[in-house]
Amino acid sequence: MTIVLFHSVCGLTADVRSAAERLREGGHEVHTPDLFDGRTAASVEEGMKLREEFDRDELLRRAVTAAAPLSERGLVYAGFSFGAAVAQNLALADAKARGLLLFSGTSDIAEDAAVDELPVQLHVADPDPFEPHDWLTAWYLRMGRAGADAEIHRYPAAGHLYTHAGLADYDEDAAERTWRTALAFLETL
């Protein structure tokens with residue numbers, strides 16, 4: 001399976017590289033585009049400021065440029081938080097997408113979005129200040145209307161980027177459960 005894994009607002013950190021390696025150990029080819037030109041942040045708050053330094057359209061262009069040469073293979077789009085939103089937008093626009101794996105983030109869904117039973121898995125803290133319950137319920141229903149086969153996995157008391165060992169949000173138990181579930185999901189694609 002070929003996966004394009006997009007980083008969070010913290011940039012292409014050691015945590016994202018570690019996640020990519022974990023996916024590679026599961027037998028997958030993983031690409032990790034650096035949308036922030038090598039710049040990273042040590043916290044979500046710093047990352048949000050860093051993200052604001054880049055034009056939104058430019059970041060999307062960079063993501064499309066990174067994924068486009070691989071899309072003929074039938075990609076799995078994946079990402080963390082901000083990167084999950086990027087991954088979601090690209091997957092919903094790619095008729096050849098084989099799956100969508102989201103960690104700690106989602107995005108708006110266009111009213112005319114349509115996919116053919118795209119497998120989608122979301123892993124999210126519960127509660128998550130960036131992904132409130134009402135939003136996730138609406139997101140899940142919109143994904144279903146768009147034709148996706150979506151599932152949500154919630155992790156009580158975990159922090160927003162709970163899979164990132166280098167951040168204060170890290171929750172080892174929730175991260176391990178997430179990786180077991182995500183790797184099993186990828187095996188079904």
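This passage describes the overall fold and selected residues of a predicted protein model. Local features are reported at pLDDT of at least 70 and side-chain atom pairs at pLDDT 80 or more, whereas totals for chains, interfaces and linings use all residues. Residues are numbered from 1 along each chain as its sequence is written, and side-chain values use heavy atoms, with hydrogens and water left out.

The secondary structure comprises six helices and six strands, assigned as DSSP runs (H or I, at least four residues, for helices; E, at least two, for strands) and numbered from the N terminus. The order of elements from the N terminus is β-α-β-α-α-β-α-β-β-α-β-α. The radius of gyration is 15 Å, close to the 16 Å given by the globule rule for 189 residues, so the protein is as compact as a globular protein of that length. This radius is taken over C-alpha atoms, and the rule is 2.2 Å times the number of residues to the power 0.38. Along the principal axes, the C-alpha atoms fill a box of roughly 40 × 35 × 35 Å.

Of the 189 residues, 52% count as buried (buried, under 20% relative accessible area; exposed, over 50%; partly exposed, in between; 1.4 Å probe, protein chains only). The accessible surface comes to about 8,800 Å², of which 48% belongs to carbon and sulfur atoms; areas were computed by the Shrake-Rupley method with a 1.4 Å probe, and for residues only the protein chains shown count as cover. Among contacts (heavy atoms within 4.5 Å) between residues at least 6 apart in sequence, 62% join residues at least 24 apart.

Residue Q88 lies in helix α4 (residues 82-93) and is buried, with a relative accessible area of 0%. Leaving aside neighbours within four places in sequence, Q88 contacts L100, L102, T106, S107, D108, I109, W139 and M143. A polar atom of the Q88 side chain lies 3.2 Å from the backbone oxygen of D108. In the loop between α4 and β4 (99-103) is A95, which is exposed at 85% relative accessibility.

Residue H153 is found in strand β6 (residues 149-156) and is partly exposed, with a relative accessible area of 23%. Its side chain makes a polar contact with the side chain of E151 at 2.8 Å (a polar contact is a pair of N or O atoms within 3.5 Å; within protein, one must be able to donate a hydrogen and the other to accept it, and residues adjacent in sequence count only if both atoms are side-chain atoms). Beyond neighbours within four places in sequence, H153 is in contact with Q121, L122, H123, V124 and T181. The C-alpha atoms of H153 and R177 lie 9.8 Å apart, at a sequence separation of 24 residues.

Backbone geometry was also examined. The peptide bond from D126 to P127 is cis, with omega near 5°; P127 is found in the loop between β5 (119-126) and α5 (133-146). D37, not a glycine, has a positive phi of about 55°. D37 is placed in the loop between β2 (29-31) and α2 (44-52) and is exposed, with a relative accessible area of 55%. S81, also not a glycine, has a positive phi of about 55°. S81 is found in the loop between β3 (76-80) and α4 and is buried, with a relative accessible area of 15%.
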